[in-house]
Amino acid sequence: MLVLHTWMFSYGDKHRPPKGFLDLSIGELRLGVQLFFVLSGFLIFRPFVAAALDRTSAPRLARYVIRRSARILPAYWAALAGSFLLLRHLGHPMQIDVAHLPVFLLFLQNHFEETMKHLDPPMWTLAIEVSFYAALPLVGLLALRLGAHRGRLTVLTLAIVAGGALSIVLADLRHWPATLSTSLLTHLVEFGAGMTAAVLLHGRTLTRPAAVATLLAGTALIIMNSVWHSRGLGSDSARHLIGDAPGIIGIALVLGALVASPIRATVLSRGPVRWLGTISYGVYLIHFPAIVFLRGTGRWPDTLTHELLAVMAITLPMATLSWFAIERPAVRWAQRRTASARGPAAPAADPATEPAHRRQKTGELRVLRPQSAENYN
């Protein structure tokens, strides 16, 4: 998102010239939103899938709420305060009145015209993410009632995908206002795709040939989706109604190839990439205010490369500080606070009778979950 939003300002400053290959490629980084939602659906739904299919203890609601709140709220509220003060100081048109702050504190900014696309516009995705967190326990309870039946759980998650697709169609045909179309309803496709992947992959391993084929198919769908949208191929109505469905399916396939196969993308769990994964939430929260600061104080460079360097020079140190000073302490507090709220341990299984998928070694998600499970649990 940092690269995409920096480019958006750089490209806009040039008064919308014809897009070259680099412009088209960077513009399609917008699929990072879909990746974020698919990955969230996969990771957050997994404990409920495991509890249903393995007949283990259900996730505790109190533990879920405390850990999700600790991971999201402290850094978010700190970023809100910083953005509020910065925009007030600059007299920026995206600033808000103090009376509107509670709307942002409660993640309701997408539902009011006075607050939509204000303060820190990229946070619209976090508002949708939090609404998914609020709805998920209800879906998880239904999944547990469906029992250890993968087919039923798959029908449940595909119904969520269908509900999202229907919402997209209705939003287009009925001309829903932005305060409704920018909501969880029109993004259920992404979350449902991730949840479906969680159901289908649980306890399963792809062979290497199958994993490679899945990875290639997913990548091809993502590229096709990007070319289709960036080149404006087909009718506007088709692009609106179909949306990014091919790309979302592609993202889910790539996720499956990386998680449930012998493929090991270990580079993603080492060195600078691991560090960037650790501070990614802070980067998400801080990069747009960094752009606003540079532009509002006359420090905006004149080339995309220098713009990216300037934004990163502010964002990365601030995101690192956010991790060490705010996020990690909050995560560790929540882990201590909920250590006794795990519920009774499941009875030990007899290795001779335990299903094969329960005896498999775990760890496939390490590549997608930097710093252990702190970013998602």
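Just after helix α1, H15 takes a positive phi of about 60°. The model you are looking at is predicted, so local features need pLDDT of at least 70 and side-chain atom pairs count only at pLDDT 80 or more, while totals for chains, interfaces and linings use all residues. Residues are numbered from 1 along each chain as its sequence is written, and side-chain values use heavy atoms, with hydrogens and water left out.

## Helix α1 and the whole protein

Helix α1 covers residues 2–13, which is 12 residues. From its first C-alpha to its last, α1 reaches 17 Å, close to the 16 Å expected at 1.5 Å a residue. The expected span of a helix is 1.5 Å times one less than its number of residues. Helices (H or I, at least four residues) and strands (E, at least two) are DSSP runs, numbered from the N terminus.

Which residues of α1 are buried? They are L2, L4, H5, T6, W7, S10 and Y11. Buried means under 20% relative accessible area, exposed over 50%, and partly exposed in between (1.4 Å probe, protein chains only). These buried residues of α1 pack against α2 (21–27), α14 (280–296) and α15. Here, contact means heavy atoms within 4.5 Å.

Now step back to the whole protein. It has 16 helices and 0 strands. Of its 377 residues, 45% are buried. Among contacts with a separation of 6 or more, 76% are between residues 24 or more positions apart.

Axes are lines fitted to C-alpha atoms, for helices over the stretch in contact, and angles run from 0 to 180 degrees between N-to-C directions.

| Helix pair | Angle | Axis distance |
|---|---|---|
| α4 (residues 61–90) and α15 (residues 304–337) | about 160° | 9 Å apart |
| α3 (residues 32–54) and α12 (residues 245–259) | about 50° | 10 Å apart |
| α9 (residues 188–201) and α12 | roughly 30° | within 10 Å |

Angles under 35 degrees count as roughly parallel, over 145 as roughly antiparallel, 65 to 115 as roughly perpendicular and the rest as oblique.

Let us begin with α4 and α15. Their axes pack at an angle of about 160°, which makes α4 roughly antiparallel to α15. Helix α4 passes α15 in a right-handed crossing. A crossing is right-handed if the near helix is turned clockwise from the far one by less than a right angle, and left-handed if anticlockwise. On the α4 side, the contact is made by I66, R67, A70, R71, P74, A75 and A78. On the α15 side, S322, W323, I326, E327, A330, V331, W333, A334, Q335 and R337 take part. By class, this contact of α4 with α15 has 11 nonpolar, 2 polar and 4 charged residues. Ala, Val, Leu, Ile, Met, Phe, Trp, Tyr, Cys and Pro count as nonpolar, Asp, Glu, Lys and Arg as charged, and the others, Gly among them, as polar.

Next come α3 and α12, which pack at about 50°; that makes α3 oblique to α12. Helix α3 also makes a right-handed crossing as it passes α12. In this pair, Q34, L35, V38, L39 and F42 of α3 meet I248, I251, A252, L255 and V259 of α12. The contact of α3 with α12 has 9 nonpolar, 1 polar and no charged residues.

Helix α12 also meets α9, with axes that cross at roughly 30°, and that makes α9 roughly parallel to α12. The crossing of α9 past α12 is right-handed. From α9, the contact uses V189, E190, A193, A197 and L201, and from α12 it uses I248, A252, L255 and G256. By class, the residues of the contact of α9 with α12 are 7 nonpolar, 1 polar and 1 charged.

Is I72 buried or exposed? With a relative accessible area of 7%, I72 is buried. I72 sits in helix α4. Not counting residues up to four places away in sequence, I72 touches F107, L126, V130, Y133 and Y281. I72 and Y281 are 209 residues apart in sequence, and 8.6 Å apart in space, C-alpha to C-alpha.

T179 is found in helix α8 (residues 178–181). T179 is buried, because its relative accessible area is 18%. Leaving aside neighbours within four places in sequence, T179 is in contact with N110, H111, F112, E113 and M116.

T219 lies in helix α10 (residues 208–230). At 33% relative accessibility, T219 counts as partly exposed. T219 and I249 are 30 residues apart along the chain, and their C-alpha atoms are separated by 9.8 Å.
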